Amino acid sequence: MHSPAPRVAHPHSRVTQKGPIESKDVVTMLGKYHVFLFPTLGENFGHVILEAMTAGCAILISDATPWRGLQEKGYGWELPLSRPESFVAALNEAVRWDAARFAEVSAAARTAAAAYLEHAGNVEANRNMFAAMVNLSSDSGPLPRP
(Lines give C-alpha, C1' and ligand atoms only; values in the text may rest on other atoms or scores of the structure.)
Protein backbone atom coordinates (compact mmCIF):
# COMPACT_ATOMS: atom_id res chain seq x y z
CA MET A 1 0.00 0.00 0.00
CA HIS A 2 1.39 3.40 -0.99
CA SER A 3 1.19 6.50 1.14
CA PRO A 4 -0.37 9.55 -0.45
CA ALA A 5 2.07 11.82 -2.22
CA PRO A 6 3.24 14.82 -0.19
CA ARG A 7 1.70 18.16 -1.01
CA VAL A 8 4.03 20.45 -2.86
CA ALA A 9 3.61 24.17 -3.42
CA HIS A 10 3.81 24.38 -7.21
CA PRO A 11 0.60 23.59 -9.14
CA HIS A 12 2.48 22.03 -12.08
CA SER A 13 4.53 19.66 -9.93
CA ARG A 14 3.72 16.02 -9.54
CA VAL A 15 5.17 13.18 -7.58
CA THR A 16 5.35 9.88 -9.45
CA GLN A 17 6.11 6.51 -7.89
CA LYS A 18 7.51 4.01 -10.37
CA GLY A 19 7.32 0.27 -10.05
CA PRO A 20 10.02 -2.10 -11.24
CA ILE A 21 12.23 -0.83 -14.08
CA GLU A 22 14.56 -2.98 -16.19
CA SER A 23 18.16 -2.32 -15.15
CA LYS A 24 19.12 -1.19 -18.65
CA ASP A 25 16.44 1.54 -18.49
CA VAL A 26 17.06 2.94 -15.00
CA VAL A 27 19.31 5.92 -15.81
CA THR A 28 17.21 6.88 -18.85
CA MET A 29 14.01 6.75 -16.76
CA LEU A 30 15.56 8.73 -13.91
CA GLY A 31 16.78 11.36 -16.39
CA LYS A 32 13.15 12.26 -17.13
CA TYR A 33 12.70 13.60 -13.60
CA HIS A 34 14.12 16.48 -11.58
CA VAL A 35 14.30 14.96 -8.08
CA PHE A 36 15.01 11.44 -6.90
CA LEU A 37 13.10 10.86 -3.64
CA PHE A 38 14.38 7.86 -1.68
CA PRO A 39 13.33 7.92 2.00
CA THR A 40 14.95 4.55 2.69
CA LEU A 41 15.16 2.91 6.11
CA GLY A 42 18.75 1.95 5.35
CA GLU A 43 21.29 1.28 2.62
CA ASN A 44 24.81 -0.11 2.75
CA PHE A 45 25.63 1.96 -0.32
CA GLY A 46 22.56 2.77 -2.39
CA HIS A 47 23.56 2.12 -6.00
CA VAL A 48 20.28 3.63 -7.16
CA ILE A 49 21.40 6.93 -5.59
CA LEU A 50 24.51 6.90 -7.77
CA GLU A 51 22.34 6.03 -10.79
CA ALA A 52 20.07 9.01 -10.05
CA MET A 53 23.11 11.29 -9.75
CA THR A 54 24.39 9.96 -13.08
CA ALA A 55 21.01 10.89 -14.60
CA GLY A 56 21.32 14.42 -13.23
CA CYS A 57 18.61 14.22 -10.59
CA ALA A 58 18.66 16.24 -7.42
CA ILE A 59 18.92 13.69 -4.60
CA LEU A 60 16.47 13.67 -1.69
CA ILE A 61 17.26 10.74 0.59
CA SER A 62 17.07 9.74 4.22
CA ASP A 63 20.13 9.98 6.42
CA ALA A 64 20.18 6.16 6.64
CA THR A 65 22.72 5.83 3.82
CA PRO A 66 26.46 6.53 3.66
CA TRP A 67 25.84 9.50 1.32
CA ARG A 68 26.59 12.72 3.22
CA GLY A 69 26.93 16.45 2.56
CA LEU A 70 24.65 16.53 -0.47
CA GLN A 71 23.32 20.02 0.24
CA GLU A 72 26.81 21.40 0.80
CA LYS A 73 27.90 19.76 -2.47
CA GLY A 74 24.99 21.39 -4.28
CA TYR A 75 22.93 18.45 -5.48
CA GLY A 76 20.53 17.34 -2.77
CA TRP A 77 19.64 16.57 0.80
CA GLU A 78 19.98 13.70 3.28
CA LEU A 79 17.29 14.11 5.92
CA PRO A 80 16.11 12.24 9.01
CA LEU A 81 13.04 10.06 8.54
CA SER A 82 11.82 11.30 11.92
CA ARG A 83 11.16 14.69 10.30
CA PRO A 84 8.87 14.09 7.31
CA GLU A 85 8.15 17.81 7.12
CA SER A 86 11.80 18.32 6.11
CA PHE A 87 11.22 16.15 3.02
CA VAL A 88 8.20 18.27 2.07
CA ALA A 89 10.23 21.45 2.63
CA ALA A 90 13.02 20.14 0.37
CA LEU A 91 10.50 19.23 -2.34
CA ASN A 92 8.96 22.67 -2.05
CA GLU A 93 12.41 24.21 -2.46
CA ALA A 94 13.07 22.12 -5.57
CA VAL A 95 9.77 23.00 -7.25
CA ARG A 96 10.66 26.69 -6.94
CA TRP A 97 13.91 26.24 -8.90
CA ASP A 98 14.01 27.86 -12.29
CA ALA A 99 15.64 26.10 -15.24
CA ALA A 100 19.04 27.67 -14.54
CA ARG A 101 19.05 26.52 -10.90
CA PHE A 102 17.99 23.01 -11.86
CA ALA A 103 20.77 22.91 -14.48
CA GLU A 104 23.31 23.83 -11.74
CA VAL A 105 22.03 21.11 -9.41
CA SER A 106 21.89 18.57 -12.23
CA ALA A 107 25.45 19.37 -13.31
CA ALA A 108 26.69 19.07 -9.72
CA ALA A 109 25.04 15.64 -9.38
CA ARG A 110 26.50 14.40 -12.68
CA THR A 111 29.95 15.74 -11.79
CA ALA A 112 29.89 14.02 -8.38
CA ALA A 113 28.75 10.74 -9.97
CA ALA A 114 31.47 10.92 -12.62
CA ALA A 115 34.13 11.66 -10.00
CA TYR A 116 33.03 8.64 -7.97
CA LEU A 117 32.93 6.36 -11.03
CA GLU A 118 36.28 7.59 -12.36
CA HIS A 119 38.05 6.63 -9.15
CA ALA A 120 39.38 3.18 -10.08
CA GLY A 121 39.44 2.01 -6.46
CA ASN A 122 35.69 2.57 -6.12
CA VAL A 123 34.87 0.54 -9.21
CA GLU A 124 37.18 -2.29 -8.14
CA ALA A 125 35.70 -2.30 -4.62
CA ASN A 126 32.23 -2.65 -6.13
CA ARG A 127 33.36 -5.54 -8.35
CA ASN A 128 34.92 -7.28 -5.37
CA MET A 129 31.82 -6.79 -3.27
CA PHE A 130 29.52 -8.27 -5.91
CA ALA A 131 31.94 -11.12 -6.63
CA ALA A 132 32.07 -11.95 -2.92
CA MET A 133 28.28 -11.90 -2.77
CA VAL A 134 28.13 -14.68 -5.35
CA ASN A 135 31.09 -16.54 -3.82
CA LEU A 136 33.38 -15.87 -6.77
CA SER A 137 36.02 -14.15 -4.69
CA SER A 138 37.06 -14.06 -1.07
CA ASP A 139 39.39 -11.06 -1.28
CA SER A 140 36.79 -8.29 -1.15
CA GLY A 141 37.54 -5.34 1.04
CA PRO A 142 35.26 -2.74 2.51
CA LEU A 143 33.33 -0.56 0.07
CA PRO A 144 34.57 3.05 0.14
CA ARG A 145 32.19 5.74 1.40
CA PRO A 146 30.67 7.85 -1.38
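**View 1. The open sheet of three parallel strands.** In this predicted model, three strands form an open sheet in the order E1-E2-E3, with parallel pairing. Strands (E, at least two residues) and helices (H or I, at least four) are DSSP runs, numbered from the N terminus, and two strands pair if DSSP finds at least two bridges between them. Strand E1 (35-38) and E3 are the edge strands, each pairing on one side only. Direction ignored, neighbouring strands of this sheet are turned by 5 degrees against each other on average; axes are lines fitted to C-alpha atoms, for helices over the stretch in contact, and angles run from 0 to 180 degrees between N-to-C directions. Residues are numbered from 1 along each chain as its sequence is written. Because the model is predicted, local features need pLDDT of at least 70 and side-chain atom pairs count only at pLDDT 80 or more, whereas totals for chains, interfaces and linings use all residues; side-chain values use heavy atoms, with hydrogens and water left out.

**View 2. Strand pairing and the two faces of E1.** E1 and E2 run parallel and are joined by four bridges; Val 35 stands opposite Ala 58 in E2. Four bridges also join E2 to E3, again parallel, and the bridge partner of Leu 60 in E3 is Trp 77. On E1, Phe 36 and Phe 38 make up the covered face, while Val 35 and Leu 37 make up the uncovered one.

**View 3. Helix H4 on the sheet.** H4 packs on the sheet and touches E1, E2 and E3, its direction making about 175 degrees with that of E3; contact means heavy atoms within 4.5 Å. Ser 86, Phe 87, Ala 90, Leu 91, Asn 92 and Ala 94 of H4 are buried, that is, under 20% relative accessible area, with exposed over 50% and partly exposed in between (1.4 Å probe, protein chains only). The buried residues of H4 pack against E1, E2 and E3. At 1.5 Å a residue, the 12 residues of H4 should span 16 Å, which agrees with the 17 Å between its end C-alpha atoms; the expected span is 1.5 Å times one less than the number of residues.

**View 4. The surroundings of Ala 90.** Ala 90 is found in helix H4 and is buried, with a relative accessible area of 4%. Residues up to four places away in sequence not counted, Ala 90 touches Leu 60, Trp 77 and Leu 79. The C-alpha atoms of Ala 90 and Glu 78 are separated by 9.9 Å, the two residues being 12 apart along the chain.

**View 5. The tilted pair of Trp 67 and Tyr 116.** The whole structure holds five aromatic pairs; rings of Phe, Tyr and Trp (its six-membered ring) pair if their centres lie within 6.5 Å, and planes under 30 degrees apart count as stacked, over 60 as edge-to-face and the rest as tilted. Trp 67 and Tyr 116 have ring centres 6.2 Å apart and planes at 50 degrees, so the pair is tilted. Trp 67 lies in the loop between strand E2 (58-62) and helix H3 (70-73), and Tyr 116 in helix H5 (residues 99-118), so the pair ties together parts 49 residues apart in sequence. Both Trp 67 and Tyr 116 are buried. Ring pairs link Phe 45, Trp 67 and Tyr 116 into a cluster.

**View 6. The stacked pair of Trp 77 and Trp 97.** With ring centres 5.8 Å apart and planes at 10 degrees, Trp 77 and Trp 97 form a stacked pair. Trp 77 and Trp 97 are buried. Arg 101 lies over the face of Trp 97, at 5.5 Å from the ring centre (a charge sits over a ring if NZ of Lys or CZ of Arg is within 6 Å of the ring centre and within 35 degrees of the ring normal).
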